[in-house]
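Good morning, everyone, and thank you for making the time. I would like to take you through one structure today, going element by element, so please keep the view open while I talk.

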Amino acid sequence: MYSGLKSMREAFGDALADLGKINDKVVVLTADLTDAIKVTKFSESYPDRFFQMGIKESDMMGTAAGMAVDGLIPFATTFAAFATSLANQPIRVSVGYNRANVKIATSHGGVCVGADGATHQSFEDIALMRLIPKMTVLVPCDANEAYKATFAAAEFDGPVYLRFGRVATPVVTSFDDPFTIGKAKVLREGSDVAIVSTGSMTPTALSAAQTLGKEGLSVKVIHMPTVKPLDEKALIDAAKECKCIVSAEEHSIIGGLGSAVAEVISSEYPVVLERVGVLDTFGESGEPDEILKKYHLCETDIIEKVRSVLNKK
Amino acid sequence: MERFESEVDITRLECFAQQLRRDTVEMIYHAGSGHVGGALGLAEFIGALYGYAMNFDPEDPDRDRIVLSNGHTCAIWYAALARSGLIPLEELATFRKLGSRLQGHPSRCAMPKLVETSTGPLGQGFSVANGIALSLRLRKSPARVYCVLGDGELQEGQVWEAFMTAGHYRLSSMCVFINNNRLQIDGKVEDVMNMKNLNDRLSSFGWNVIEIDGNDMRQVVDALKKAAECTTEPTVIIGNTLMGKGVPFMENLAKWHGTTPSLEQTLTALKDIGINDEYADCSVLIPQ
């Protein structure tokens, strides 16, 4: 459906509008960020099912939980940083502990928010959401997957965290590929090293694999659109086949995909692992590309880690 | 709103509240911990809800909802569930014990049909209650939503977010009861964090404000009626109550927020509360 460059948040907006048409249980809440999270189309098509909550994220999460308790399928939308840390307590109790069928859908995950700086860049959201018991964490890699993940989240019964990027990123998956929560996607076969990536780092991982391929290396790329529950089998199979892994994510190396990978392989099939991600730091203002470079989230950074794990293998 | 038009037997409701107080004291003694003071002050309101105002049939999608946002006061609510036939009376003896449905703070996972939302961390249940009310309105349900807040709880910012939401959306099915006992763990509410002019604050958020003696059954019943009659805005009942109401040695003392009475104190408390012919005590609690 999408090709070239397209932002995931726009695909999310399209998906919500389409979902609204076929499922009248779907309602949308936002905290003064209607256009930023791209729910304008839904708000115009289904004004009765759209709830402007004002700038009060905690109340929005609680309200969404109440709607879910009464049988609706609410999408509570805002930026990743505000949803997951500002409203963490209502997510923990009103959504998580209640097992309320709320979909927490966020934009501006990772560094891509750019010039707004550290307060708006979210490096911790995956870690925070992974910690909530029974929370499903979906981090699609492109617009096609963002669209399908939105539908999958609506069909799934239980709390889901969805993380979308702000800027247009390359579309690397086909719209016709099935999307199943909990399933990894092997985007490239290989046996020398496995790159396990999520979100917008997956296109970067694919180009790194291509570059390394030209040098004769056989690089597997496994995309994890579901960070929780992680597809452990796919991961262990890759560890057995490649004997070394590099994880890559636009998120802190603490608590995110890299940590999830370490948790699994350290007990199931220990192999060398290096993590590409934001180090233990806050971000800063700058163009997204400049920030990706400064914070070591580029193709060259993945390649460097691949060489490092191959040396240690 | 038929039930609000029927004759109300205040004496019967007072007996019900008296029994809820007895159960509460016994449960907390038996559990070895719990929050007795705030719960005792809520006896009239909880009694009026379950004895008069609420349709609480858990199978009815149009049942009225209750959210105990100040979840720590749940002993008296569990007692009301038992006395209304929603859970077995004997189950009150499991309160706060391992494996019990009667968790220390209400848990939806433990009782999905009876607990609309898990509460405990203050300030959160109110938003959920609003969400339920918005959903009920979307499907044109006549159900009302009751939400109980502590006055100390009003210090939580999220409470004011929720007051804004219900005011903005004119959620007239919402009825909030503030258990205004003017005490919190660290002492007097006015000393810990001033909440003066509460009536004006709430009116300015677009709420119908009714202030009553929350331990006077007639006033509670009348306030619930008035709340149901107001179809243009949400209603908040400021219920001026006494912490520990009904047990003189506990009354108006902040330490009884979370202190467990000894056996001797429990027996004195039961004597103070008194007994009526309407209800039998739950004998599994205090073997005498």
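This is a predicted model: local features need pLDDT of at least 70, side-chain atom pairs count only at pLDDT 80 or more; totals for chains, interfaces and linings use all residues.

Let me begin in chain B, where R12(B), L13(B), F16(B), A17(B), L20(B) and R21(B) of helix α1(B) are in contact with A43(B), E44(B), I46(B), G47(B), Y50(B), G51(B) and Y52(B) of helix α3(B). Sorted by class, the residues of this contact between α1(B) and α3(B) are eight nonpolar, two polar and three charged.

The crossing of α3(B) and α9(B) is right-handed.

Now to the sheet in chain B. Five strands make up an open sheet in the order β1-β2-β3-β7-β6 of chain B, and the pairing is parallel. At its edges stand β1, residues 65-68, and β6, residues 208-213, of chain B, each of which pairs on one side only. On average, and ignoring direction, neighbouring strands of this sheet are turned by 20° against each other. Within the sheet, β3(B) and β7(B), the latter covering residues 235-240, pair in the parallel sense over six bridges, and V176(B) has V236(B) in β7(B) as its bridge partner. Helix α9, residues 217-229 of chain B, packs on this sheet and touches β2, β3, β6 and β7 of chain B, while its direction makes about 170° with that of β6(B).

For context, most residues other than glycine have a negative phi, and most peptide bonds are trans.

Let us turn to chain A, which is divided into domain 1, residues 5-170, and domain 2, residues 185-308. The C-alpha centres of these two domains of chain A lie 25 Å apart, and 34 residues of domain 1 are in contact with 33 residues of domain 2.

In chain A, the axes of helix α3, residues 57-69, and helix α5, residues 88-97, come within 9 Å and cross at roughly 5°. That makes α3(A) roughly parallel to α5(A). The contact brings S58(A), M61(A), G62(A) and A65(A) of α3(A) together with P90(A), I91(A), S94(A) and V95(A) of α5(A), and its residues divide into five nonpolar, three polar and no charged. In the loop between α5 and β5 of chain A we find R99(A), whose phi is near 50°, again a positive value in a residue other than glycine.

Chain A has an open sheet of five strands as well, ordered β9-β11-β10-β13-β14, with mixed pairing. Its edges are β9, residues 185-188, and β14, residues 272-278, of chain A, each with a single partner strand, so one side of each is left without a neighbour in the sheet. Neighbouring strands are turned by 25° against each other on average, direction ignored. Strand β13, residues 244-252 of chain A, runs parallel to β14(A) and is joined to β14(A) by six bridges, with S252(A) opposite V278(A) in β14(A). Helix α12, residues 299-312 of chain A, lies across β10, β13 and β14 of chain A and runs at about 160° to β14(A).

My last point concerns a peptide bond: the one from K228(A) to P229(A) is cis, with omega near -5°, and P229(A) is found in the loop between β12 and α9 of chain A.

Conventions:
Residues are numbered from 1 along each chain as its sequence is written. Chains are lettered from A and ligands numbered from 1 in the order in which they are written. Side-chain values use heavy atoms; hydrogens and water are left out. Axes are lines fitted to C-alpha atoms, for helices over the stretch in contact, and angles run from 0 to 180 degrees between N-to-C directions. Helices (H or I, at least four residues) and strands (E, at least two) are DSSP runs, numbered from the N terminus. Angles under 35 degrees count as roughly parallel, over 145 as roughly antiparallel, 65 to 115 as roughly perpendicular and the rest as oblique. Contact means heavy atoms within 4.5 Å. Ala, Val, Leu, Ile, Met, Phe, Trp, Tyr, Cys and Pro count as nonpolar, Asp, Glu, Lys and Arg as charged, and the others, Gly among them, as polar. Two strands pair if DSSP finds at least two bridges between them. Domain bounds come from an automatic or database domain assignment. A crossing is left-handed if the near helix is turned anticlockwise from the far one by less than a right angle, and right-handed if clockwise.
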